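Let's take a walk through this fold, one piece of packing at a time. Keep the viewer open as you read.

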Amino acid sequence: MTTPAKRVFNFSAGPAMLPLEVLEASAKALIDYNSKGFGIAECSHRGKEFDGVIDEAITRTKSLLGLGDTHDVLFLQGGATQLFTTIPMNFANGPVDYLVSGEWSQKAAKAAQAAGAKVNIVANTEASNFDHSTAEKDWKLTNDAAYLHVCSNETVHGHRLAAWPKHPNLVVDASSEFMARPHPVKDAALVYAGAQKNLGPAGVVVAIVRKDWYARIPKSVPGLWNFQKQAEAKSMINTPPTFGIYILLETFRWLEKQGGLAAIEQVNEQKAAAIYSAIDNSNGYYKGTVTVNEQRSRMNITFKLPNEEITDVMIKDAAKQGLVALKGYRTVGGIRASTYNAMPLEGAKALASFMTDFAKKNG
Ligand SMILES: Cc1ncc(COP(=O)(O)O)c(C=O)c1O
C-alpha cells in the first residue's frame with residue numbers, strides 16, 4: 001500500500017481528516033478483508049463478515065461511551081439532517097423544547113416545526129449572529145416537554161455547551177464533538193452524530209436511542225425512519241453503507257488504543273489551548289468570534305483577522321505551509337480551524353506558531 005509522502009494538516013470542518021492508521025487499515029480491508037480474497041465493500045450486508053463488523057462497532061461504541069443495555073446503537077443514513085427531521089416524527093408526543101444556539105440547532109428546530117411539532121424555543125441567540133449560546137439559567141423551558149433538543153457543539157459558530165444539560169428526555173446533536181470527550185450519553189434519551197467529523201466518512205450517522213422511548217412512536221412512521229424498526233433490523237432495513245461503517249469500526253479501535261475518550265479529551269484540550277493562546281496573545285490582531293470564553297469550542301475554533309483581504313492572504317500562506325481548509329463558514333467569515341480527534345497536537349501547534357508569525361509580520 002502507498003502512503004502519501006506528505007499529509008498536510010487538514011483543518012476542514014467535515015468531511016474531515018481521519019487518522020492515517022484508520023485509513024490504512026480501511027484501505028487494506030477494502031481490497032482484501034481478513035485474507036478472504038474479497039474486500040469488505042464487496043460482500044453481502046447479510047453475510048457473516050459484515051455482521052461481525054456491525055456487531056463489533058455496536059459493542060465498541062457502547063464500551064467507549066460506558067453504555068449498558070438501556071440504549072440501542074444505530075448506524076443510519078441521511079446524515080444528522082435526516083435525524084433532526086425524523087426525531088420529531090417519532091418522539092414529539094407533546095410540545096417540544098429547542099435551544100437555538102447556532103446554524104444547526106436552528107435548522108433542527110425548523111425541521112421539527114415543519115414536521116408539525118409544537119416547538120417552544122427555550123432561548124435564541126440569532127440576534128447576535130450566534131456568537132454564544134444563552135446560559136442555561138435563562139432558558140424558558142416548558143413543563144413536561146416531550147423532550148429538550150440541544151446541539152452540544154455548534155460547528156459553524158465555534159461554541160459548545162461546556163456540560164450537557166440535565167433533562168429527563170434530552171436529545172443531543174453531538175455531530176461535531178462526538179467521542180472527542182466523555183459524554184453522559186446514558187443520561188440522554190437520544191444522541192446523534194454525523195460521522196464525517198470525528199468518526200469516518202460522510203454517509204453514516206450514529207444514533208443512540210434509549211429503548212423506553214420506542215413506545216412513543218406513532219404507527220404511521222414508515223419503517224425506514226422508525227427508530228424501533230431500525231433497531232430491530234440492526235440498522236439494515238435497507239442496504240447500509242457497509243464500507244463507511246467499517247471505517248467507523250477502525251476509528252473505534254483507534255480511539256481505544258489512544259486510551260479512550262478521557263485520554264483523547266486531554267489531547268483535544270491541549271490542541272485548542274495552543275490555538276486560543278495564539279489568538280489571545282496577538283494584541284488584538286486575531287479576535288475570537290465567540291463572546292463567552294467558557295463556551296469556546298474545542299473542535300471548531302473561529303476567529304477573525306482585521307479584514308477579509310488579509311484573511312485570504314493568511315489562508316493562502318497557511319496552505320503553502322501544509323495547513324489547509326481554514327476558511328470560515330460563509331455566514332461567519334474569518335477563519336475556522338477544526339481540530340477533531342484525528343488532528344495531531346503537532347498540527348495545532350504548527351497552526352498556532354504560524355498565526356503568531358503571521359500576526360507579527362502583518363500586524
Ligand atoms: C452540528 C451539526 N449538525 C448537523 C449537521 C448536518 O449534518 P449532515 O450534513 O450530515 O446532515 C452538521 C453538519 O456539518 C453539523 O455540524
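A crossing of two helices is called right-handed if the near helix is turned clockwise from the far one by less than a right angle, and left-handed if it is turned anticlockwise. Keep that in mind for one of the helix pairs below. And a heads-up: this is a predicted model.

## Helix α9 and its partner α8

Start with α8, which covers residues 308-320, and look at how it meets α9. The two axes come within 11 Å and cross at roughly 135°. That angle makes α8 oblique to α9, and the crossing is right-handed.

On the α8 side, the residues involved are I310, V313, M314, D317 and A318. They meet F354, M355, F358 and N362 in α9. Sorted by class, the contact of α8 with α9 has seven nonpolar residues, one polar and one charged.

## Helix α9 and its partner α7

Now for α7 (residues 261-280), which also packs against α9 (residues 345-362). Here the axes come within 8 Å and cross at roughly 5°. Since angles under 35 degrees count as roughly parallel, α7 and α9 are therefore roughly parallel to each other.

If you want to select the contact, α7 brings V267, Q270, K271, A274, I275, A278 and I279. From α9 come L345, A348, K349, L351, A352, M355 and T356. The contact of α7 with α9 splits into ten nonpolar, two polar and two charged residues. M355 is worth a click, as it turns up in the contact with α7 and again in the one with α8.

## The three-stranded sheet

Next comes an open sheet of three strands, in the order β11-β12-β14, with antiparallel pairing. At its edges are β11 (287-288) and β14 (335-338), each pairing on one side only. Helix α7 packs on this sheet, touching β11 and β12, and its direction makes about 10° with that of β12.

Strand β12 (residues 300-304) pairs with β11 over two bridges in the antiparallel sense, and G288 stands opposite F303 there. Four bridges join β12 to β14, again antiparallel, with R336 in β14 as the bridge partner of T302. So how enclosed is β12 by the rest of the structure? Largely, because four of its five residues are buried.

## Strand β8 and its two neighbours

Strands of a sheet pair through backbone hydrogen bonds, either parallel or antiparallel. For β8, the parallel kind applies with both β5 and β9. Four bridges join β5 (residues 148-151) to β8, and three join β8 to β9 (residues 190-194). V172 shows both pairings: V150 stands opposite V172, and V172 stands opposite V191 in β9.

In a regular strand the side chains alternate between the two faces of the sheet. In β8 (residues 170-173), L170 and V172 point one way while V171 and D173 point the other. All four are buried, D173 included.

## A look at D69

Finally, find D69 in the loop between α2 (48-65) and β2 (71-76). Is D69 buried or exposed? The cut-off for exposed is over 50% relative accessible area, and D69 is exposed because its value is 60%.

Leaving aside neighbours within four places in sequence, D69 is in contact with K62 and K211. As for F243, which lies 174 residues away from D69 along the chain, the C-alpha atoms of the two are separated by 26 Å.

Key: Residues numbered from 1 in each chain as written. Predicted model: local features only at pLDDT ≥ 70, side-chain atom pairs only at ≥ 80, totals over all residues. Heavy atoms only, no water. Axes fitted to C-alpha atoms, helices over the stretch in contact; angles between N-to-C directions. Parallel < 35°, antiparallel > 145°, perpendicular 65-115°, else oblique. Contact = heavy atoms within 4.5 Å. Nonpolar A, V, L, I, M, F, W, Y, C, P; charged D, E, K, R; others polar. Buried < 20%, exposed > 50% of the residue type's maximum accessible area, 1.4 Å probe, protein only. Pairing = 2+ DSSP bridges.
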